[in-house]
Amino acid sequence: MEFENLSEKEKRWGMLCHLLLFASFIFPTATILGTFSIWLFKRKDSEFINTHIKEVINFQFLCVLVLGITLSFSGTLIGAGPIAGIFVLYSLISAGFAVRKASQGAAYKYIITLRLLK
């Protein structure tokens with residue numbers, strides 16, 4: 001989905017939404033607090049920002065679910081470490097693509113996500 005007549009400010013906000021995913025590796029609550037704050041204050045300013053922030057929030061729901069599952073299986077013989085590692089790699093690569101798409105003024109849909117916010 002392409003958006004027309006976007007300001008650079010809107011593109012930066014769209015990029016920031018996805019860049020917050022990288023911040024979660026340093027400050028785990030940064031993504032959740034940051035994305036919900038942006039959603040509360042910026043969702044009505046631009047459909048572009050609203051689209052990106054909802055996508056990030058939906059992806060964060062999946063991240064929390066995967067984290068909960070991998071932590072619950074961490075003591076078993078299954079070994080949740082490789083699964084968590086693959087998911088972290090997927091989230092980093094996907095967030096990178098999302099930042100690039102937002103900088104170009106286009107929407108990005110994460111391939112694997114829970115679409116709870118429409």
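The model is predicted.

Which residues of H2 are buried? They are Thr31, Gly34, Thr35, Ile38, Trp39 and Lys42. These residues cover an arc of only 130 degrees around the axis, which puts them on the same side of H2. An α-helix has 3.6 residues a turn, so residues three or four places apart point the same way.

The face of H2 turned away from its buried side has exposed residues. They are Pro28, Thr29, Leu33, Leu40 and Phe41.

H2 runs over residues 28-42, which is 15 residues.

## The largest pocket

The largest pocket has a volume of about 420 Å³. Its lining holds 19 residues, and the closest to the pocket centre are Ser24, Phe25, Gln60, Cys63 and Leu67. H1, H2, H3 and helix H4 (81-103) each give two or more residues to this lining.

Which element gives the most to the lining of the largest pocket? H3 does, with seven residues. By class, the lining of the largest pocket has 15 nonpolar residues and four polar ones. No charged residue is part of that lining.

Note on methods: Residues numbered from 1 in each chain as written. Predicted model: local features only at pLDDT ≥ 70, side-chain atom pairs only at ≥ 80, totals over all residues. Heavy atoms only, no water. Helix = DSSP H or I, 4+ residues; strand = E, 2+ residues; numbered from the N terminus. Expected span 1.5 Å × (residues − 1). Buried < 20%, exposed > 50% of the residue type's maximum accessible area, 1.4 Å probe, protein only. Arc of directions from axis to C-beta. 1 Å grid on protein atoms, 1.4 Å probe; cavity = no way out; pocket = protein on both sides within 12 Å on 5 of 7 lines; lining within 4 Å. Points joined across faces, edges and corners; volume = space filled by probe spheres on them. Nonpolar A, V, L, I, M, F, W, Y, C, P; charged D, E, K, R; others polar.
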